[in-house]
Amino acid sequence: MSTWTGQPSVKGSSESMRMIFLTCVSIGITFTWGVEMTYCTPYLLSLGLTKGQTSMVWLAGPISGMIVQPIIGVIADSSRSRWGRRRPVIVIGSVIVALSLLTLGFTKELVAYFVSDKSLARAVTIFLAVLTICSVDFSINAVMSCARSLVVDTLPIHKQQVGAAWASRMGSLGHIIGYGMGALDLVQLFGPTLGDTQFKQLTVIAALGMLATSGITCWAVSERVLITVRHEPRGGQGPFKVIHQIWSTIITLPPRIRGICYAVFWSWIGWFPFIIYSSTWVGETYFRYDVPPNVDTKDALGDMGRIGSTALTVYSTVAFISAWVLPPFIRAPEDDTFTHRPPASIARWVELFNKVKPDLLTAWVASHIVFAFTMAMTPFASSFRVATLLVALCGIPWSIVMWAPSTFMGIEVNKLSGSPDLPLGSQLNGGAHHQRRRSTASSIELLRLEHGESHVPASPTATGPVGSTGELSGIYFGIMNIYTTIPQLISTLMSTVVFGFLEPGKSPELAHDAHPSEQANTDGPNAIAVCMFLGAISSCIAAVVTKKLKYL
């Protein structure tokens with residue numbers, strides 16, 4: 001049995017404020033992802049890479065997620081830092097993300113300072129740009145892993161859906177801010193102070209935003225400190241202990257957790273092309289169908305980025321609204337364990353509504369179907385307005401995809417981590433009186449945590465059982481991320497084949513320096529739209545797999 005000291009808490013005067021502080025880092029994560037997804041593909045194309053080569057660069061994301069998140073999860077699970085298990089990783093990772101973003105934005109200037117030969121400078125610029133994208137991917141995956149585990153560690157079981165919903169809201173808000181700023185002409189708005197191009201200014205703002213949001217979460221949250229780690233018979237020995245523990249946990253996953261991972265696997269084969277290429281697809285649709293022929297644009301990269309950012313701003317707004325509107329109309333997985341007593345005047349209506357209120361699993365299945373239908377329509381879009389509409393509709397299923405898997409996984413992990421010596425009800429409520437009795441007028445509790453008794457008469461070290469600790473959240477969320485990243489590898493390889501077959505040349509919209517014979521032929525179907533259409537098929541499979549969770 002592991003031993004701990006302290007109790008998790010979050011600063012704030014209300015439940016909503018505490019949830020905002022707890023999940024604030026999600027804003028910085030999704031802001032950074034938004035800048036990377038919107039501008040990095042066009043940026044690499046502008047450097048002269050083909051779409052096939054660009055898709056290979058994006059392998060860094062899934063590879064980093066597959067390696068970093070489970071390893072960081074295992075290491076963090078057993079960390080005995082006096083600052084907690086998750087916050088040190090969030091701080092270090094955020095600093096690396098910020099430095100990588102600044103390097104990415106000013107890659108050409110940094111290379112030009114050291115390399116004078118133009119052909120060599122171009123090759124070094126491409127190499128450094130790819131390297132910094134990999135650095136961003138690896139470090140932000142570490143931050144994301146611990147930010148997600150921090151929510152699970154801090155909240156009791158019956159608050160997992162609330163925490164996941166708040167993380168989805170804050171993530172959507174980060175997307176809105178990121179894409180909204182990308183849709184503005186920042187150079188005209190701010191001048192050249194932060195950089196002389198749109199891309200440079202966005203990387204500076206994203207770096208500052210990442211540091212600010214992670215700083216707020218780490219300042220507001222206090223974690224329990226791990227004193228001794230329980231013996232893990234599957235942990236192995238020696239330098240490969242972490243890898244052995246991950247592998248042994250994967251092959252012995254509980255059936256329901258394995259089912260969640262399978263649903264995530266098929267879902268992400270469909271989502272990955274949309275996340276990576278939707279902005280570029282909207283921009284290409286604009287240039288191919290809406291821009292008059294023979295019109296020369298001075299900043300094609302900026303124009304494509306702004307058109308794509310506008311579409312993704314609408315998409316993020318829809319996701320943000322959905323993250324607020326949908327949760328009250330969807331029954332939480334643990335609702336059956338609580339008795340609700342509405343006022344007599346509305347009791348009849350509440351009872352009637354609860355009878356037709358869908359559960360979260362049904363909503364998750366529906367999100368797969370909606371996304372599949374939307375992606376199936378992409379090859380038929382012949383206007384950037386239609387493309388924008390299709391992208392915007394995906395905001396509804398995205399809000400559920402960001403919320404449902406984390407909720408179900410958080411519940412299952414906390415059930416595994418909960419003490420076998422206490423029934424579920426006592427784990428959730430048994431320590432409420434004790435904890436409130438110890439609080440003072442100035443102390444700040446998290447939702448009256450109700451994590452259970454610490455069983456500490458005088459010593460500050462908790463050695464007794466504590467429910468809902470999320471003790472194993474790092475490794476299980478890391479494993480779920482493996483099931484997120486493997487389909488990204490599959491999707492990337494699929495995209496590479498499609499791009500090589502349909503558009504093997506350089507981008508005619510962005511690579512203006514390339515010879516016309518080197519540019520891709522755009523007479524056929526848009527290669528990105530074809531990739532997203534194939535993703536629709538995978539989403540249909542995800543709907544079937546997710547539905548099977550009812551029987552596990």
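L489 is buried, with a relative accessible area of 19%, where buried means under 20%, exposed over 50% and partly exposed in between, for a 1.4 Å probe and protein chains only. The residue lies in helix α21, which spans residues 473-502, and helices here are DSSP runs (H or I, at least four residues), as strands are (E, at least two), numbered from the N terminus. This is a predicted model, in which local features need pLDDT of at least 70 and side-chain atom pairs count only at pLDDT 80 or more, whereas totals for chains, interfaces and linings use all residues. Residues are numbered from 1 along each chain as its sequence is written, and side-chain values use heavy atoms, with hydrogens and water left out.

- L489 and M56 are 433 residues apart along the chain, yet their C-alpha atoms are separated by 9.4 Å.
- S26, a residue of helix α2, is buried at a relative accessible area of 14%, and its C-alpha atom is 9.1 Å from that of M210, which is 184 residues away along the chain.
- I20 is found in helix α1 (residues 15-23) and is partly exposed, its relative accessible area being 27%; from C-alpha to C-alpha, I20 and G163 are 9.6 Å apart in space and 143 residues apart in sequence.

**Helix packing around α5**

- Two packed helices are described by the angle between their axes and by the distance between those axes; the axes are lines fitted to C-alpha atoms, for helices over the stretch in contact, and angles run from 0 to 180 degrees between N-to-C directions.
- Helix α5 (residues 87-105) packs with helix α7 (residues 118-154) at an angle of about 155°, and their axes are 8 Å apart. That angle makes α5 roughly antiparallel to α7, given that angles under 35 degrees count as roughly parallel, over 145 as roughly antiparallel, 65 to 115 as roughly perpendicular and the rest as oblique.
- The crossing of α5 and α7 is left-handed, a term used if the near helix is turned anticlockwise from the far one by less than a right angle, with right-handed used if clockwise.
- The contact of α5 with α7 has 16 nonpolar, 7 polar and no charged residues, where Ala, Val, Leu, Ile, Met, Phe, Trp, Tyr, Cys and Pro count as nonpolar, Asp, Glu, Lys and Arg as charged, and the others, Gly among them, as polar.
- Helix α2 (residues 25-46) packs with α5 at an angle of about 25°, with 12 Å between their axes, so that α2 and α5 are roughly parallel to each other; their crossing is left-handed.

**Aromatic pairs**

- The whole structure contains 16 aromatic pairs, counted for rings of Phe, Tyr and Trp (its six-membered ring) with centres within 6.5 Å; planes under 30 degrees apart count as stacked, over 60 as edge-to-face and the rest as tilted.
- In the pair of F274 and F371, the ring centres are 5.9 Å apart and the planes stand at 90°, so the pair is edge-to-face. Because F274 lies in helix α12 (residues 255-290) and F371 in helix α15 (residues 360-376), this pair ties together parts that are 97 residues apart in sequence.
- F274 is buried at a relative accessible area of 2%, and F371 is buried at 0%.
- Ring pairs link W268, W271, F274, Y315, F371 and W398 into a cluster.

**Cysteines**

- The structure holds 0 disulfides, a disulfide being a pair of cysteine sulfur atoms within 2.5 Å. C146 is in no disulfide, and the nearest cysteine sulfur, that of C218, is 9.5 Å away.
- C146 is buried, with a relative accessible area of 0%, and C261 likewise counts as buried at 0%.
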